[in-house]
Amino acid sequence: MRKFFILACAALIFVALKNLDATRLARVGGAALPFKMVRLYMKTPDKELAMPVEGVRVGQVGDSWHAPRSGGRVHEGQDIFAERGTAVRSATEGYVVRVGQNALGGNAVWVVGAGRRSYYYAHLDSFAPGLAAGDYVTPDSVLGYVGTTGNAAGTSPHLHFGVYAPEGAVDPRPLLSDRPDAAERRASRD
Ligand SMILES: [Zn+2]
């Protein structure tokens, strides 16, 4: 009976975690889920994503979604090319859940945003100084700088930008929106 109770509790916890997509979060490093993050998690996903690479327009992004990659993989994201060192800003409001290295992505940042979506910024030359898991970010926040780390070594510097919904990877390109350039920003302030 006691054994059954423990099993039932474990099953309930498992279902609760699965509904929060905490398995994905745990995988990207955010095992502890702060309450504010859960609140953001419950909102509807962002319908528009601010262009994450400074000075690049959506029209300049060549479509590399699902392009074939080594080992039979397909490209689960978009590559956004820019000069090495160009600032990469968060495309959304969210919480940084991981700042670190992996073999394919090199220097990479994971941000969790509204609607259980994760945003992946990879091949960074370096991270924004002091950036750490748990940081709250907005589309104004710099996450790092465009580079060629990971399996982008030897290619033109670019940001690999991935968007993951609970059901899987989503093409970021149709969601991207241009940021107002500096001149437009000045005009809107006047
Ligand atoms: Zn890529």
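Two strands count as paired here if DSSP finds at least two bridges between them, and the strands themselves are DSSP runs (E, at least two residues), numbered from the N terminus. This is a predicted model, in which local features need pLDDT of at least 70 and side-chain atom pairs count only at pLDDT 80 or more, while totals for chains, interfaces and linings use all residues. Residues are numbered from 1 along each chain as its sequence is written, and side-chain values use heavy atoms, with hydrogens and water left out.

**View A. Strand 9 and strand 6, side by side.** Strand 6 (residues 117–127) runs antiparallel to strand 9, and five bridges join the two. To get your bearings, find alanine 122: across from it in strand 9 stands histidine 160.

**View B. Strand 9 meets strand 2 and strand 10.** Strand 2 (residues 78–81) pairs with strand 9 in the antiparallel sense, over four bridges. Look for phenylalanine 81, whose bridge partner in strand 9 is histidine 158. Strand 10 (residues 168–170) is also antiparallel to strand 9, joined to it by three bridges. Here valine 163 has valine 170 of strand 10 as its bridge partner.

**View D. Two nonpolar cores.** A nonpolar core is a set of buried Ala, Val, Leu, Ile, Met, Phe, Trp, Tyr and Cys residues joined through side-chain atoms within 4.5 Å. The largest one has 28 residues, and Tyr121 and Phe161 touch the most other members. Strand 5 (106–113), strand 6, strand 8 (142–146) and strand 9 each put in at least two residues. Strand 9 is the top contributor to this core, with four. Another core lies apart from that one; it has twelve residues, including Leu40, Tyr95, Tyr120 and Tyr164.

**View E. Strand 4 and its partners.** Strand 4 (residues 94–102) pairs antiparallel with strand 5 over seven bridges. Three residues separate strand 4 from strand 5 in the hairpin they form, and asparagine 102 stands opposite glycine 106 of strand 5. Strand 4 also pairs with strand 7 (residues 136–137), again antiparallel, over two bridges. In that pairing, glycine 94 has valine 137 as its bridge partner.

Key
Buried < 20%, exposed > 50% of the residue type's maximum accessible area, 1.4 Å probe, protein only.
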